[in-house]
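Okay everyone, thanks for coming.

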Protein chains: 2
Amino acid sequence: MKKIVIVGLGLIGGSLALALKGFEDFRIIGVARRQATVDYALSHGVGDEATLDTVSALRQADVTILCIDPKDIISFLEQHREDFKPGSLVTDVCGIKSAIMEAAKVLPESVDFIGCHPMAGTEFSGIEHAFGEMFRGSHLILTPRPESREENVALMERMADYMGCQDVVKTTPAEHDAILAYTSQMMHIIAVSVCDDPMLFTCKGFEGSSFRGCTRVAALDVSLWAQLFSLNAPALTSCLDEFIKNLQDYREAIASGDKNKLVEKLTWSSDRKRQMELPGPDLLH
Amino acid sequence: MKKIVIVGLGLIGGSLALALKGFEDFRIIGVARRQATVDYALSHGVGDEATLDTVSALRQADVTILCIDPKDIISFLEQHREDFKPGSLVTDVCGIKSAIMEAAKVLPESVDFIGCHPMAGTEFSGIEHAFGEMFRGSHLILTPRPESREENVALMERMADYMGCQDVVKTTPAEHDAILAYTSQMMHIIAVSVCDDPMLFTCKGFEGSSFRGCTRVAALDVSLWAQLFSLNAPALTSCLDEFIKNLQDYREAIASGDKNKLVEKLTWSSDRKRQMELPGPDLLH
């Protein structure tokens, strides 16, 4: 029986271990750093096995999925470069790709590395919040190396399909990072910046779905997101500059009292949103 | 049998007509401007009756709920000031309260007016998107006049309960408008400003729930929101200034490369969000 080893049984790793159970002829082995996590995984059926023994798990792994923080992935690849099984596939789930693909260059030639970013998650962390349905309907982004094996890309596509992903999108690490600065990292900066307003606590009872939708992710994993922001700082600051400029244009249109200009701007922006045909996650209150 | 007249059978008025059906001993009468809307309401059971005849409906109404645009409410109150039944209650559903409460001063003394704002809605408009469950779990805000009758406030509270609202919050028009500039109007300015980014269309396939949650409301009703923004311009621009300042602080923390400062800021903001205990509308992808 072939083996998928998931390194890191937090929110994403735990959810993957649940979502991939029963995938083809693979056995799912979780690797955790704490015994309590191993015990939780075993007693809740998160994957088929769970262990603290990283090296012996890696040596048996046909596929290794690194579900740890970006900086931990970088040091893990360096530390365990000789522990991966020759001919195996290594991948990750990290929201930054250039730095990870660069770090993966330490791997021996016989080990393939395909960058992976499932566009899923919640504002919680830890195995106790993991759920197997997490990836249903979401995009899975792959950044294969030019020399990555086709059969490995195909395997990841079947895994994505099995987990219920909406589609698999292939791109380069640079394009991934430029776009994700906009679609993901900036959304988190917006959420925390909204929560920095002194009115935050007095507004309880006066919030609707637009407020909840915009600020949900503000309760973020600080260490993880500080790494993602830092590793993608140039792209992220450039997106923020564009956003601040666009906000200021609206601010001026509102302050000027020029209603025609405001209507014109709102028509333009809302038409763009409609053209995207991107339904929100929630249509109620 | 007593009568509730709902003026305007759009998304909110239509949803209210559905949500209030069967409430105590009230008959629900919808007033629309177009025959097609009346026909739709009658054939889909949106309320108990529907009519084009505003004046005769108002004369029978024990409760009138104005579900039209802010500027239309202002002119409607002026135009129909003598048509409301003496002793009746008039209310609205509008996202701005000071301008509406001011306009309601034209009503005769025998007609009570209580400002109302159910914190519910979707990014769609029109009766065909109406649904009776819209108000379930949402806040209903009331701005009674100092002289409003207690029995009328109590009636609105029972209506809110019947529609499934989470709670009823009473406040002043000024406080409502200051807070809503932050919790609602600014969320819409954020959403449209994010969509103004040139990257919008290339990002499709790379978006997760944070992007969908933040931008959902960008597909807004332009005429309605232009009015809300204009009528609350001072409060809204002041919120936007605070938000832009907070965004710029994050931008500088990221650009500076000072990771400790970034971690410290993120810890502060995310702790504030957690203290709110305000779950997002959606925890999946």
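Helix 10 and helix 11 of chain A cross in a left-handed way. Left-handed here says that the near helix is turned anticlockwise from the far one by less than a right angle, and clockwise would be right-handed. Quick note on where this comes from: it's a predicted model, where local features need pLDDT of at least 70, side-chain atom pairs count only at pLDDT 80 or more, and totals for chains, interfaces and linings use all residues. Residues are numbered from 1 along each chain as its sequence is written, while chains are lettered from A and ligands numbered from 1 in the order in which they are written.

Back to the helices. Helix 10 covers residues 233-256 of chain A and helix 11 covers 259-276, and their axes come within 8 Å and cross at roughly 150°. Helices and strands are DSSP runs numbered from the N terminus (H or I, at least four residues, for helices; E, at least two, for strands). The axes are lines fitted to C-alpha atoms, for helices over the stretch in contact, with angles from 0 to 180 degrees between N-to-C directions. So which residues of the two helices meet? From helix 10 of chain A you've got Tyr250(A), Ala253(A), Ile254(A) and Ser256(A), and from helix 11 of chain A Lys261(A), Leu262(A) and Lys265(A). Contact is when C-beta atoms, placed from the backbone, lie within 7 Å.

Now over to chain B and its sheet. Here 8 strands make an open, mixed sheet, in the order 3-2-1-4-5-6-7-8. Strands pair if DSSP finds at least two bridges between them. Strand 3 (49-51) and strand 8 (167-170) of chain B sit at the edges with a single partner strand each, so one side of each has no neighbour in the sheet. Inside the order, strand 4 (residues 63-66) and strand 5 (residues 89-92) of chain B pair in the parallel sense over 4 bridges, and Ile65(B) has Thr91(B) as its bridge partner.

Last bit: how do the two chains meet? The contact takes 87 residues from chain B and 87 residues from chain A. On the chain B side, helix 10 gives the most, with 14 residues. A rotation of 180° with 0.0 Å of shift along its axis superposes chain B on chain A, RMSD 0.0 Å (least squares on C-alpha atoms of residues with pLDDT of at least 70 in both). That's the relation of a two-fold axis. And 100% of the interface residues of chain B are interface residues in chain A too, so the copies meet through the same surface.
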